[in-house]
Amino acid sequence: MPAEVLARARDVRKSYGVVKALDGVSLELREGEILGLLGPNGSGKTTLIKILMGFIRPDSGYVEVLGMDPYDNPDVRARIGYVPEELALYNSLTPKELFDLVARIRRLEPAAYARRLDLLVSSLGLKDRMDDLIGSLSRGNKQKVAIILALLHEPDILLLDEPIVGLDPAVARIFKELLYEMRDRGCAIMFSTHILEVAEAICDRIIIMHKGKVVAEGAVEDVLKLAAREKTLEEVFLEVTGKAHEVYEVIKALRGEA
Ligand SMILES: Nc1ncnc2c1ncn2[C@@H]1O[C@H](COP(=O)(O)OP(=O)(O)O)[C@@H](O)[C@H]1O
Ligand SMILES: [Mg+2]
């Protein structure tokens, strides 16, 4: 049986004044996959994630998350794990206090919550910081708090907006393992990044965005293979999509070669 689509967007558009943040984006996010949303700054990644979260309503187009319109059904967020691009944590609470608060709001069963929290805190190495004020933590440790908050309630969907920022490579590696564990249990994961190597290392499938549009989509190897062989890309892909040059330029920018 093909994997179930847990979130979808169809021809979604959202403008801010004259800026078309999203200019007709369609995608499907399936259970058991890690979809990378790759694109340079300003390409519309955060706007798309905010629309899937139901924070903002698109100007037009269709959005469905776990069978519901996320804007009209705030309850759907209880089944989503979210790491925002701009961390919004309570500086005057400790990580332990914040996790307990969220566990209560999400009505997590106490024993399961304790086990889950212990696993996440020990694998990410936050144990020694659990009783410090969040306001006193380093950027990397704050990022760990945000990641734990997203994973704590074992969501069906994870929407992660640049979650690797601020993590050192060893922690990023552990984070990847945590994502694989979620994926293997059927979680649908969408992961935005402007760093090509991150998408390459973590994602099963990628979508490349540029100026509010999807310019390429496919298995990571296929998209990168096309991008790596410019000639082939120009010749073959151009005919297929008419966007080969744009894809190549975006990939070059993401590699820091632009
Ligand atoms: N709240 C907003 N008000 C005005 N412009 C916005 C707002 N949010 C995003 N934009 C603009 O929309 C475009 C896409 O932004 P964003 O979705 O944040 O892209 P990304 O996450 O890929 O960097 C950018 O040009 C950005 O300046
Ligand atoms: Mg962004």
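Predicted model: local features only at pLDDT ≥ 70, side-chain atom pairs only at ≥ 80, totals over all residues.

What percentage of the 258 residues in the chain do buried residues make up? The figure is 39%. The chain has a mean pLDDT of 89, with 90% of its residues at 70 or more. Residues 231-240 call for caution, as the pLDDT there is below 50; beyond near neighbours in sequence, that stretch has 12 contacts in the model.

Let me turn to the overall form. The chain contains nine helices and nine strands. Its C-alpha trace spans about 55 × 45 × 40 Å along the principal axes. A compact globule of 258 residues would have a radius of gyration near 18 Å, so the 19 Å of the chain agrees with that expectation. Of the contacts with a separation of 6 or more, 69% join residues 24 or more positions apart.

The largest nonpolar core comprises 69 residues, and Leu52, Leu159, Ile189 and Ile208 have the most contacts inside it. Helix 4, residues 139-151, supplies the largest share of this core, with seven residues. Setting aside neighbours within four places in sequence, leucine 159 touches Ile49, Leu52, Met53, Ile80, Tyr82 and Met190.

Finally, I come to ligand 1. Which residues are around ligand 1? They are Tyr16, Val19, Ala21, Gly39, Asn41, Gly42, Ser43, Gly44, Lys45, Thr46 and Thr47. Strand 2 (19-30) and helix 1 (45-53) each give two or more residues to this shell, and helix 1 gives the largest share, three residues. By class, the shell has three nonpolar, seven polar and one charged residues. Thank you for your attention.

Definitions and conventions
Residues numbered from 1 in each chain as written. Chains lettered and ligands numbered in written order. Core = buried A, V, L, I, M, F, W, Y, C linked by C-beta atoms within 7 Å. Buried ≥ 20, exposed ≤ 12 C-beta atoms within 10 Å, placed from the backbone. Helix = DSSP H or I, 4+ residues; strand = E, 2+ residues; numbered from the N terminus. Contact = placed C-beta atoms within 7 Å. Near = placed C-beta within 6 Å. Nonpolar A, V, L, I, M, F, W, Y, C, P; charged D, E, K, R; others polar. pLDDT = per-residue confidence, 0-100. Rg over C-alpha atoms; globule rule 2.2 N^0.38 Å.
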